Amino acid sequence: MKWQGRRGSSNVEDRRGMGGKAVIGGGLGVGGIIIYLIIMLLGGNPGDILDNITTTTTSTQTSGEYQPSKQEQELEKFVSVVLADTEDVWSEVFRQKGLSYENPKLVLYTNSVQSACGTSSSAVGPFYCPGDHKLYIDLSFYDELQQRFQAPGDFAMAYVIAHEVGHHVQTLLGTTDKYASRMQQDNAYQVRFELQADYLAGVWAHYAQDKNLLEAGDIDEALNAASAVGDDTLQEKARGYAVPETFTHGTSEQRKTWFNKGFESGTIEGGDTFAAGSL
């Protein structure tokens, strides 16, 4: 992805080195999270419930003791540019629909963090909290994305960020509120919710391509990342078999399919996963 020397977002909040008061245990997998009384991992162990939702706020002041590595400094710039791109794209898409887009904040943290959705460990991976309209990312996830999930490349990380921003779009459009209770009761709704976020990530990539920001292999990197965090792939690696009724994010093929649909369409309207007869 062509990102060096381009505008970064002013909506990045640095909490690295600060940490939260506690962490969530229980063997949570790595990936994204969207919480509305539930925790849904980006391809991790499905069905985990957040026990202690709080509304405690955390100071946004950066710890003077934390010294990021050169790689982290580079990643910080990268995620800031990707976030800025999502701001530009979704502001324009919303404007075309007669709506106003609210830019989310992206919080950088290490180890654990407090959000309006509770205190979370970096073990849950990047997540979005609808309670405060913020994305949360521990940059060490980039290494795990490459090493554990064999999904290298900067656009693989860009896909993860765009997926979480997709959850923000769902919140602004009212989709999160509309389906929150159903997602608690039926995993099938959780799957459709997450696949829609993949679709919206694809919509962002569509506009990135139109701006000539993509390089050869970028879409393959995103599709590889989407495949790597499919429920079936992760469960088969963890236990040797998959249990479809426990899926919360969709299969590898479904995640790739819906990202690709968004990439080809470039419209919000094409991503109604809840109305789709087949995923």
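User: In which sense do β1 and strand β2 pair, and over how many bridges?
Analyst: In this predicted model, β1 and strand β2, the latter covering residues 105-108, pair in the parallel sense over three bridges. Within that pairing, Glu13 stands opposite Val107 in β2.

User: And what joins β2 to β6?
Analyst: Four bridges join β2 to β6, and these two strands run parallel as well.

User: Switching topic, how many disulfides does the structure hold?
Analyst: The structure holds one disulfide, formed by Cys117 and Cys129, whose sulfur atoms lie 2.0 Å apart. The pair links distant parts of the chain, with Cys117 in the loop between β3 (112-115) and β4 (118-121) and Cys129 in strand β5, 12 residues apart.

User: Is that disulfide right-handed or left-handed, and why?
Analyst: The torsion about the S-S bond of Cys117 and Cys129 is about 95 degrees, and therefore the disulfide is right-handed.

User: Are the two cysteines, Cys117 and Cys129, buried or exposed?
Analyst: Cys117 counts as buried because its relative accessibility is 4%, under the 20% cut-off. Cys129 is buried too, with a relative accessible area of 0%.

User: Now the largest nonpolar core: which residues touch the most other members?
Analyst: That core has 60 residues, and those touching the most other members are Trp90, Phe155, Tyr159, Ile161 and Trp204. At least two residues of this core come from each of α1 (70-96), β2, β6 (134-137), α2 (141-147), α3 (154-173), α5 (187-210), α6 (218-228) and α8 (252-265).

User: What lies apart from it?
Analyst: Apart from this core lies another one, of eight residues, among them Tyr109, Val124, Phe127 and Tyr136.

User: Back to Tyr159, which residues does it touch?
Analyst: Not counting residues up to four places away in sequence, Tyr159 touches Asp198, Ala201, Ala222, Ala225, Ala226, Val229, Arg255 and Phe259.

User: Which residues of α6 are buried, and what do they pack against?
Analyst: The buried residues of α6 are Asp218, Ile219, Ala222, Leu223, Ala225, Ala226 and Ala228. They pack against α3, α5, α7 (residues 231-239) and α8.

User: Last one, where is Leu234 placed, and is Leu234 buried or exposed?
Analyst: Leu234 has its place in helix α7, and Leu234 is buried, with a relative accessible area of 13%.

User: How far apart are Leu234 and Ser252?
Analyst: Taken from C-alpha to C-alpha, Leu234 and Ser252 are 9.1 Å apart in space, while in sequence they are 18 residues apart.

Definitions and conventions. Residues are numbered from 1 along each chain as its sequence is written. This is a predicted model: local features need pLDDT of at least 70, side-chain atom pairs count only at pLDDT 80 or more; totals for chains, interfaces and linings use all residues. Side-chain values use heavy atoms; hydrogens and water are left out. Two strands pair if DSSP finds at least two bridges between them. A disulfide is a pair of cysteine sulfur atoms within 2.5 Å. Buried means under 20% relative accessible area, exposed over 50%, partly exposed in between (1.4 Å probe, protein chains only). A nonpolar core is a set of buried Ala, Val, Leu, Ile, Met, Phe, Trp, Tyr and Cys residues joined through side-chain atoms within 4.5 Å. Contact means heavy atoms within 4.5 Å.
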